[in-house]
Every structure is written in structure tokens, then in C-alpha cells.
Amino acid sequence: RYFKQVADERMWLRMRCAVVSEENPLKMRFTLDATPPVTKLKWFFGDGSESRDERPEHEYAAPGPYEITINATIKDGRSFRRTRTIQVGYRRDVID
């Protein structure tokens, strides 16, 4: 009950990303978990590229840190923005 009350007042967003294939560590898949459900969204990948796909894949030109931003809108018209910095192009066993 408390979670529903908070969700009605403020959106909960969790951005996730993962390497699509170890053979190409520059290609990432992005996902969004949100409550309440999102009706419109836009991803910004930090290299000038954008997507309106719900679960986009994006290939970067070079390894390095990128600031990922998502703008999300819910059915009542309120919009929310989240930003996260990711490291691209490094194998998981090197960063962990």
C-alpha cells in the first residue's frame, strides 16, 4: 500500500544495460523497469545518438565512459529523467 502511494506521487525508474555479446563489448542492450508504466520514453546514449525503443541496442564507436539519460512520461503526463554513467568496451572480468 505504501509503495502504491509513493508510486502515485513519484515514479520509480531503474535503468539497466548489458553487453549484447562478449565478441563485441561496444554493443550494449538497455532496459528500463518503471512503476507506474511508461507511456513515452527517449534514451540518450551519451554519444549524440538517441532511441525511442523500449529495449534498445546501441553500438558505441569507442570504449570509455558514457552518460546515459532516459526521459520517461507516464499516462498522466508527468515526465521524469534519470541519468547514469556506464563504462563501455571493457570486459566484465576486467571491471569486476
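The chat below walks through the strands, aromatic pairs and core of a predicted model.

Trainee: How many helices and strands does the chain have?

Mentor: In this predicted model, the chain has two helices and seven strands, and from the N terminus on the elements run α-β-β-β-β-β-β-β-α.

Trainee: And what is the order of strands in the sheet with S1?

Mentor: That open sheet has three strands in the order S1-S2-S5, with antiparallel pairing. Strand S1 (12-21) and strand S5 (57-59) each have a single partner strand and stand at the edges, so one side of each is left without a neighbour in the sheet. From one strand to the next, the twist averages 25 degrees.

Trainee: How many bridges are there between S2 and S5?

Mentor: Strand S2, which covers residues 24-35, pairs with S5 over three bridges in the antiparallel sense, and lysine 27 stands opposite glutamate 59 in S5.

Trainee: Switching to side chains, how many aromatic pairs turn up in the whole structure?

Mentor: A search of the whole structure finds three aromatic pairs. In one of them, the ring centres of phenylalanine 30 and tryptophan 43 are 5.6 Å apart and the planes are at 45 degrees, so the pair is tilted.

Trainee: Why does that angle make it tilted?

Mentor: Planes under 30 degrees apart would count as stacked and planes over 60 as edge-to-face, so the 45 degrees between phenylalanine 30 and tryptophan 43 leaves the pair in the tilted class.

Trainee: Where do phenylalanine 30 and tryptophan 43 lie, and are they buried or exposed?

Mentor: Phenylalanine 30 is in strand S2 and tryptophan 43 is in strand S3 (residues 38-44), so their pair ties together parts that are 13 residues apart in sequence. Both phenylalanine 30 and tryptophan 43 are buried, and together with Phe45 they form one aromatic cluster.

Trainee: What's the geometry for tyrosine 60 and tyrosine 66?

Mentor: Tyrosine 60 and tyrosine 66 also form a tilted aromatic pair, at 4.2 Å centre to centre and with 40 degrees between the planes. Tyrosine 60 has a relative accessible area of 2% and is therefore buried, while tyrosine 66, with a relative accessible area of 13%, is buried as well.

Trainee: Which residues touch the most other members of the largest nonpolar core?

Mentor: That core has 19 residues, and those touching the most other members are Phe30, Leu32, Trp43, Tyr60, Ile68, Ile86 and Val88. At least two residues come from each of S1, S2, S3, strand S6 (64-74) and strand S7 (79-88), and the largest share, five residues, is supplied by S6.

Trainee: Phenylalanine 30 again, what is it in contact with?

Mentor: If we leave aside neighbours within four places in sequence, the contacts of phenylalanine 30 include Arg16, Cys17, Glu54, Arg55, Pro56 and His58, as well as Trp43, Phe45, Tyr60, Ile68 and Ile86.

Trainee: Last one, what share of the chain is buried?

Mentor: Of the 96 residues in the chain, 30% are buried. The chain exposes about 6500 Å², of which carbon and sulfur atoms supply 46%, and among contacts with a separation of 6 or more, 49% are between residues 24 or more positions apart.

Conventions. Residues are numbered from 1 along each chain as its sequence is written. This is a predicted model: local features need pLDDT of at least 70, side-chain atom pairs count only at pLDDT 80 or more; totals for chains, interfaces and linings use all residues. Side-chain values use heavy atoms; hydrogens and water are left out. Two strands pair if DSSP finds at least two bridges between them. Helices (H or I, at least four residues) and strands (E, at least two) are DSSP runs, numbered from the N terminus. Axes are lines fitted to C-alpha atoms, for helices over the stretch in contact, and angles run from 0 to 180 degrees between N-to-C directions. Rings of Phe, Tyr and Trp (its six-membered ring) pair if their centres lie within 6.5 Å; planes under 30 degrees apart count as stacked, over 60 as edge-to-face and the rest as tilted. Buried means under 20% relative accessible area, exposed over 50%, partly exposed in between (1.4 Å probe, protein chains only). A nonpolar core is a set of buried Ala, Val, Leu, Ile, Met, Phe, Trp, Tyr and Cys residues joined through side-chain atoms within 4.5 Å. Contact means heavy atoms within 4.5 Å. Accessible areas come from the Shrake-Rupley method with a 1.4 Å probe; for residues, only the protein chains shown count as cover.
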